[in-house]
Amino acid sequence: MAKRSLVSVVDDDESVRESLPDLLREFGYEAEAFSSAEEFLASQYTRRTRCLILDVAMPGMSGPDLQRDLVLRGQKIPVIFITAQADETIRLRMLQQGAVECLFKPFSDTALLEALNAAIRVN
């Protein structure tokens, strides 16, 4: 069941948008990548997404802003935040706001897979 779940990646970093979907597909998931929260919201994939991998800090709408917007819309998509800021207070805040996990870049394939498995179980 989880093996064909759609995981959407929202990150303003092009290298992340190019590499992460390939890794997700290797894990057996469908994957789509978006350069901004606004692009994701305007897409046809919001209802099909079973897990969101969100950058915390992006121009325009941030990852936490997108998470709040989705909750207000009644879409409770499990979120894994990723961030280049290795700050434990950011991680704790994201977890307190309902994230499944918050990973510091660069993160290991194993850490991502564990977070994905937890997120898909939640959903």
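This is a predicted model: local features need pLDDT of at least 70, side-chain atom pairs count only at pLDDT 80 or more; totals for chains, interfaces and linings use all residues.
The largest nonpolar core comprises 21 residues, and Val10, Phe40, Leu52, Leu66 and Phe81 have the most contacts inside it. At least two residues of this core come from each of strand 1 (6-10), helix 2 (37-41), strand 3 (49-55), helix 3 (63-72), strand 4 (79-83) and helix 4 (88-96). Helix 2 gives the most, with three residues.

Eight salt bridges are counted in the model. One of them joins the side chains of Lys105 and Asp11, at 2.9 Å from N to O. This pair links distant parts of the chain, 94 residues apart: Lys105 lies in the loop between strand 5 (101-104) and helix 5 (109-122), and Asp11 in the loop between strand 1 and helix 1. Asp11 counts as buried because its relative accessibility is 0%, under the 20% limit, whereas Lys105, at 23%, is partly exposed. Asp11 and Lys105 also belong, with Asp55, to a network of salt bridges.

A second example is the salt bridge between Arg48 and Glu30 (2.8 Å, N to O). Here too distant parts of the chain are linked: Arg48 is in the loop between helix 2 and strand 3, and Glu30 is in strand 2 (residues 30-34), 18 residues apart. Arg48 is partly exposed at 39%, as is Glu30 at 26%.

The salt bridge between Arg25 and Asp22 (3.5 Å, N to O) lies within helix 1, where the two residues are three apart, about one turn of the helix.

Note on methods:
Residues are numbered from 1 along each chain as its sequence is written. Side-chain values use heavy atoms; hydrogens and water are left out. A nonpolar core is a set of buried Ala, Val, Leu, Ile, Met, Phe, Trp, Tyr and Cys residues joined through side-chain atoms within 4.5 Å. Buried means under 20% relative accessible area, exposed over 50%, partly exposed in between (1.4 Å probe, protein chains only). Helices (H or I, at least four residues) and strands (E, at least two) are DSSP runs, numbered from the N terminus. A salt bridge is a side-chain nitrogen of Lys or Arg within 4 Å of a carboxyl oxygen of Asp or Glu.
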